[in-house]
Amino acid sequence: MRRLITAAATALVASALAFGAAFGIVALLDATPEQPNTPLISYDTAPAGS
């Protein structure tokens, strides 16, 4: 009986840690700002040689 309680407690702690890690990762990803989608180099016309 003691092993069953220990196994159940271990599974409960492991699932709580997994849930906390997943929740933390999602919160961290939502906290990072969106990067602007602007090119570093832009050409008004086609470059010479094209």
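Mentor: Start with a definition: helices are DSSP runs of H or I with at least four residues, and strands are runs of E with at least two. Keep in mind that the model is predicted.

Trainee: How many helices and strands does the protein have?

Mentor: Helix α1 covers residues 2-31. The secondary structure as a whole comes to one helix and zero strands.

Trainee: What percentage of the residues is buried?

Mentor: A residue counts as buried under 20% relative accessible area. The protein has 50 residues, and the buried share of them is 0%.

Trainee: Where do Phe19 and Phe23 lie?

Mentor: Phe19 is exposed at 60% relative accessible area, and Phe23 is exposed at 58%. They are four residues apart, about one turn of the helix, and both lie in helix α1.

Trainee: Which residues make the nonpolar surface patch of about 390 Å²?

Mentor: One of them lies in helix α1, namely Leu4. Leu4 is exposed, with a relative accessible area of 58%. The patch is made by Met1, Leu4 and Ile5.

Technical notes
Residues numbered from 1 in each chain as written. Predicted model: local features only at pLDDT ≥ 70, side-chain atom pairs only at ≥ 80, totals over all residues. Heavy atoms only, no water. Buried < 20%, exposed > 50% of the residue type's maximum accessible area, 1.4 Å probe, protein only. Patch = residues over 30% accessible without salt bridge, like charges linked within 9 Å, V, L, I, M, F, W, Y side chains within 5 Å. Areas by Shrake-Rupley, 256 points an atom, 1.4 Å probe, with all protein chains shown as cover. Salt bridge = Lys/Arg side-chain N within 4 Å of Asp/Glu carboxyl O.
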